[in-house]
Amino acid sequence: MAEFQDTAAHEREQSSPVPAMGLLWAGTFGSAGLIGLGVMVMLTAPSSTLGPTLTVMGLIAQVAVPVLRVVVDGWEFARRGERPLALLSLAVLIALGLGMAVGAAH
Amino acid sequence: MVTTILAYFLVAILAGIIGSMLGLGGGIIIVPALTLLFGVEIHTAVAASVVSVIATSMGASLRYLKEGLINTRVAMLLQVGATLGAVSGAVVEGLLDPHILYLMFGGLMAYSAYSMYQARRLELPQNVEPDAVSRRLALQGSYYDQALGRVVDYQITRTLPGLAVMYLSGAISGLLGIGGGAFKVLAMDQVMRMPIKVSSATSAYMIGVTAAAGSIVYLLRGDVVPQIAGPVALGVLAGAMLGTLLMVRMRGSTLRKLFIPVLLVIAVQMLVKGVGG
């Protein structure tokens, strides 16, 4: 039993770091691409509204990445049966929602 | 227009390098640079800085996750404290005198800089006994340290006091707008006794989540000026990716020495605001 627990703990430790890696890559370079495109348009056609619009879209996409990362991490913890950490992820999401609501109200 | 955008981009690269290496948002560089060098209004500078924190976090996390330097389990636990702290900070805003808070936490930062100076030669924490919470959640970790050329196994202690400091860090950054990243690193390094490289990398991972709530509020309010925030976000992202390349090859003791002046600058910024407003 003790050996099983050791192995389970080892596997958990080894597999813990990178559940959200793909999301992080796609989100980072996708949002940076949109922002970059927006900046290029602002430089070439300063009076156009397309550049600022693309930039803001890229910034909003960027904001979504950490939130989605918490969702993916939480899902991964739940899938592995690590209920306390999955619940913590849920608590982070609730706190983030509260933060946005309180911030918007201010 | 081209020159100004290029200048924002270059300043942001520097902020990204420092921010990603030390686990900070980079506001310590971006806000003064935008306001003092380019004459940007403080409100706009803070909005650009808050939005760019996410870029620092994303750029840094890519490599640190790959290197095993981010402890996602610790991050998830501490994130609860930091985010709830930020909400509490926003709720009690106006009830507390910010001058007193600036003085208190400026003093605390100065003391932390002194503690960091005393431990400047410390490569890795020694004889760390994991506490019950750390054992229960299996928070321990390991990573390959390129500078030391070996795998480092580490344990975590004083998890609940660390969580309390993280709550405080969230509240302070919510109330004062600065110091959130620095407090996160200090909580993990000095309270929970994690290796400084893991503390910085995990903080870099966490600051993106904390900044998400603030960023969306700034974006919805229309405080974010695309002509400023766009090049800043791109520069910070590029800088963060460069900074991680440097950090993974750096010794923990070197990172500590880099941290000391940054803590002092934050301490002075806070104390000046506390005294003068």
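## A walk through two chains

Let us begin with chain A: of its 106 residues, 41% are buried. Keep in mind as you look around that this is a predicted model. Chain A has 4 helices and 0 strands, and reading along its sequence gives the pattern α-α-α-α. If you consider the contacts in chain A between residues with a separation of 6 or more, 48% of them join residues 24 or more positions apart.

For a landmark, find the loop between H3 and H4 of chain A, where Gly81(A) lies. Is Gly81(A) buried or exposed? Its relative accessibility is 59%, and a residue over 50% is called exposed, so Gly81(A) counts as exposed. Gly81(A) is 15 residues along the chain from Pro66(A), and their C-alpha atoms are separated by 23 Å.

Now turn to the place where the two chains meet. Here 49 residues of chain A are in contact with 50 residues of chain B. The size of an interface is often given as the accessible area lost when the parts come together. For chain A and chain B, about 4,300 Å² is buried between them, and 79% of that is on carbon and sulfur atoms. How many salt bridges are there between chain A and chain B? The count is 1 salt bridge. Its partners are Glu82(A) and Arg73(B), whose closest N and O atoms are 2.3 Å apart. On the side of chain A that touches chain B, the elements giving two or more residues are helix H1 (2–15), helix H2 (21–44), helix H3 (50–79) and helix H4 (83–105) of chain A. Sorted by class, that side of chain A has 32 nonpolar, 11 polar and 6 charged residues.

Ile54(B) sits in helix H3 of chain B and counts as buried, because its relative accessibility is 0%. Which residues touch Ile54(B), once its neighbours within four places in sequence are left aside? From chain A come Gln62(A), Val63(A) and Pro66(A), and from chain B come Gly208(B), Ala211(B), Ala212(B) and Ser215(B). Along chain B, Ile54(B) and Ile70(B) are 16 residues apart in sequence, and 16 Å separates them from C-alpha to C-alpha.

Next, move to helix H2 of chain B, residues 27–37, where Ile28(B), Ile29(B), Ile30(B), Val31(B), Ala33(B) and Leu34(B) are buried. What covers them? The cover includes helix H1 (2–22), helix H3 (42–67), helix H10 (226–248) and helix H11 (252–276) of chain B. Just after H2(B) comes Gly39(B), which takes a positive phi of about 70°.

Our last stop is a pair of rings. Over all chains, the structure holds 4 aromatic pairs. In one of them, the ring centres of Phe105(B) and Phe183(B) are 5.7 Å apart and their planes stand at 85°, so this pair is edge-to-face. The pair links distant parts of the chain, with Phe105(B) in helix H5 (residues 98–118) and Phe183(B) in helix H8 (residues 180–191) of chain B, 78 residues apart. Phe105(B) is buried, with a relative accessible area of 6%, and Phe183(B) is buried with a relative accessible area of 6% too.

Terms used:
Residues are numbered from 1 along each chain as its sequence is written. Chains are lettered from A and ligands numbered from 1 in the order in which they are written. This is a predicted model: local features need pLDDT of at least 70, side-chain atom pairs count only at pLDDT 80 or more; totals for chains, interfaces and linings use all residues. Side-chain values use heavy atoms; hydrogens and water are left out. Contact means heavy atoms within 4.5 Å. Buried area is the accessible area (1.4 Å probe) that two parts lose on being put together, summed over both. A salt bridge is a side-chain nitrogen of Lys or Arg within 4 Å of a carboxyl oxygen of Asp or Glu. Ala, Val, Leu, Ile, Met, Phe, Trp, Tyr, Cys and Pro count as nonpolar, Asp, Glu, Lys and Arg as charged, and the others, Gly among them, as polar. Rings of Phe, Tyr and Trp (its six-membered ring) pair if their centres lie within 6.5 Å; planes under 30 degrees apart count as stacked, over 60 as edge-to-face and the rest as tilted. Buried means under 20% relative accessible area, exposed over 50%, partly exposed in between (1.4 Å probe, protein chains only).
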